[in-house]
Amino acid sequence: MDINLNPYLPVLHRNLPRLLSLYSSDITHPLCGCGDRRYWSWKLIDFPNGTFQGAAFGLSKLLMAGLLPKDMDNDAIQLRIEKMISVVPMLVDRHGALSEAIPNESSFCVTGLVLSDCLGAIHSLDNLLNSKRRQEFFEYLEPLAKFLMLHDETHGIISNHLATNALAMTRWGKVTGDPDALHRAEVWLDRIRNHTNKEGWIFEYSGADPGYQSWCTSSLAQISEIAPEFELQDLLDKSFSFLEAFALPDGSFANGCGSRMTRFLMSGGAELQARKSEPAARLASFARIHIRSRKFVSLDSVDEPNLIPFFNDVALAAVNVQENTNIDLPKSKTRNFPDAGLYLHRNKDYISTINVKRGGWFSLTKNSSDSSTVINPGPVAKTDNGKVLRAVRGKLISYSRDKMIIKSDLEIIERMLPSPIKFIILRVLSLTIFRSVRLGNSIKKLLAKLLILENGKNYGSVERTIIFSTGVATDKILSGDVKLITNTDGFSPSHMASQAYWQVSDDTSSKS
């Protein structure tokens with residue numbers, strides 16, 4: 001594709017300045033190449049977030065494909081990439097792992113993410129690196145690989161993490177010839193297979209989440225390219241078929257309907273698979289058409305903790321972009337996924353996207369590209385003392401062409417906010433319990449239970465009726481000494497850092 005027609009390049013090029021500004025370029029400093037500016041420059045935190053080192057992958061892809069801005073020097077960017085990899089030994093903990101949220105965290109996710117990205121960068125730069133330099137880089141990264149060979153994620157089934165780490169160990173196994181690394185990757189791939197529903201969705205914490213599934217699928221697509229022996233094509237086809245259902249007529253994607261409430265789309269895997277899978281080709285086409293206008297959440301909207309993975313995925317998409325941008329998505333009347341609790345009901349005017357398990361959360365999208373999605377976050381109530389209640393464990397009571405009725409329990413939302421005393425407790429834990437990976441994992445389980453999972457006391461029940469012809473929902477309390485809250489704009493039922501990133505439909509006059 002002509003560079004000037006590549007829809008991903010404007011997004012990448014306008015974000016390169018804020019990305020490159022994150023990294024220390026002081027060659028006399030031991031942290032030269034470190035990307036966590038809050039650590040090395042502002043000095044506002046007491047540990048480095050290792051995630052930033054992963055930008056080596058996206059930069060190397062753009063460099064080798066000749067897709068960097070014309071005023072950027074290739075040799076200078078290569079040097080930056082090498083610094084990002086060379087500083088990794090300064091960032092690992094005593095176990096050979098990286099942190100993201102607290103010191104000594106030994107993050108399974110970030111360790112795999114950075115290992116995968118740095119190995120991908122080394123592979124891309126292969127012709128520019130001599131054998132000595134390559135070997136040095138592998139030695140820098142070996143502690144990360146050893147950590148992943150010994151440790152696992154235990155606080156939930158988080159498929160995007162499993163896929164990322166499987167990609168890391170696949171790359172490590174391919175460059176080192178270590179069959180144990182490939183076996184490790186296969187263990188995590190089998191776990192993903194075992195948690196893939198017949199409806200095509202892949203388990204993510206507590207259910208289906210299209211946004212994170214697009215992230216997971218992007219990693220799986222890359223594994224399929226370098227290790228076809230893992231036979232992932234059937235899984236990929238099913239995943240893309242599920243994902244394309246949430247590509248909506250106004251250009252938005254999912255809009256927070258899933259278990260983790262995301263509305264981003266990662267299309268790198270779809271571009272990789274566009275010639276092998278029709279659903280992937282349609283999803284990639286959708287992304288190309290709408291990424292310029294910020295109709296769905298992508299690189300322009302995310303904050304620093306997610307900047308690097310999104311940059312890398314958009315770079316992957318840009319390098320693999322296909323010519324055809326006019327493939328229409330199928331316009332079936334409905335796409336229902338009962339096991340996931342997700343229903344997409346279409347009539348002549350609207351598509352209603354409904355999450356039954358979240359009490360009837362729904363979005364309303366007109367059947368035209370010049371409209372915007374309107375979101376109703378589901379029933380919300382409060383107790384006499386002002387505690388906010390969310391709808392959980394929703395059950396479908398009836399469903400017809402005209403309406404849907406859902407009954408749910410009401411549970412208090414735990415909104416834990418940071419405070420000095422909580423940070424002191426976290427730091428004490430990081431200096432004691434988190435020095436043990438096993439004990440640290442037990443704390444992560446507790447935090448996941450408190451912040452994300454549904455397991456609180458039942459304060460009553462609520463019924464929601466959705467009328468499809470008007471797109472109007474009405475709620476009534478069935479039991480409990482609670483009252484409905486009517487103004488629920490922007491309501492969030494639980495902790496999830498990657499939800500509610502800005503997209504153009506948030507502030508548009510075409511909402512109606």
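Predicted model: local features only at pLDDT ≥ 70, side-chain atom pairs only at ≥ 80, totals over all residues.
# Reading strands, helices and buried residues

Modeller: In strand S12, alanine 473 is the bridge partner of isoleucine 466.

Biologist: What pairs with S11 in the antiparallel sense over eight bridges?

Modeller: That is S10, paired with strand S11 (residues 458-467).

Biologist: How many residues of strand S10 are buried, and how many of S11?

Modeller: Strand S10 (residues 403-412) is mostly covered, with seven of its 10 residues buried. S11 is mostly covered as well, with seven of its 10 residues buried.

Biologist: In what order do the strands of the five-strand sheet stand?

Modeller: The order is S3-S4-S5-S6-S7, in an open sheet with antiparallel pairing. At its edges are strand S3 (334-337) and strand S7 (374-376), each of which pairs on one side only. On average, neighbouring strands of this sheet are turned by 15 degrees against each other, with direction ignored.

Biologist: Over how many bridges do S6 and S7 pair?

Modeller: Strand S6 (residues 361-366) pairs with S7 over three bridges, in the antiparallel sense. For a residue pair to look at, take leucine 364, whose bridge partner in S7 is valine 374.

Biologist: Now the helices. What describes two packed helices?

Modeller: Two packed helices are described by the angle between their axes and the distance between the axes. For helix H7 (residues 159-176) and helix H8 (residues 179-194), the axes come within 8 Å and cross at roughly 160 degrees. That angle makes H7 roughly antiparallel to H8, because an angle over 145 degrees counts as roughly antiparallel. The crossing of H7 and H8 is left-handed.

Biologist: Which residues in H7 meet residues in H8?

Modeller: The H7 side includes Leu162, Ala166, Met169 and Trp172. On the H8 side, the residues include Leu182, Ala185, Trp188 and Ile192. By class, the contact of H7 with H8 divides into 11 nonpolar, four polar and three charged residues.

Biologist: At what angle do the axes of H4 and H6 cross?

Modeller: Helix H4 (residues 74-86) and helix H6 (residues 131-150) cross at roughly 40 degrees, and their axes come within 9 Å. From H4, Glu82, Ile85 and Ser86 meet Arg133, Phe137 and Tyr140 in H6. The contact of H4 with H6 has three nonpolar, one polar and two charged residues.

Biologist: Last, single residues. Is aspartate 36 buried or exposed?

Modeller: A residue counts as buried under 20% relative accessible area. Aspartate 36 has a relative accessible area of 0%, so it is buried. Aspartate 36 lies in the loop between helix H1 (9-20) and helix H2 (37-40). Leaving out residues up to four places away in sequence, aspartate 36 touches Leu22, Ile45, Phe47, Pro48, Asn49 and Phe52.

Biologist: In which helix is isoleucine 443 found, and what does isoleucine 443 touch?

Modeller: Isoleucine 443 is found in helix H15 (residues 437-451). Isoleucine 443 counts as buried because its relative accessibility is 17%. Not counting residues up to four places away in sequence, isoleucine 443 touches Ile433 and Phe434. The C-alpha atoms of isoleucine 443 and histidine 155 are separated by 8.8 Å, although these residues are 288 residues apart along the chain.

Notes
Residues numbered from 1 in each chain as written. Heavy atoms only, no water. Axes fitted to C-alpha atoms, helices over the stretch in contact; angles between N-to-C directions. Helix = DSSP H or I, 4+ residues; strand = E, 2+ residues; numbered from the N terminus. Contact = heavy atoms within 4.5 Å. Nonpolar A, V, L, I, M, F, W, Y, C, P; charged D, E, K, R; others polar. Pairing = 2+ DSSP bridges. Parallel < 35°, antiparallel > 145°, perpendicular 65-115°, else oblique. Left-handed = near helix turned anticlockwise from the far one by under 90°. Buried < 20%, exposed > 50% of the residue type's maximum accessible area, 1.4 Å probe, protein only.
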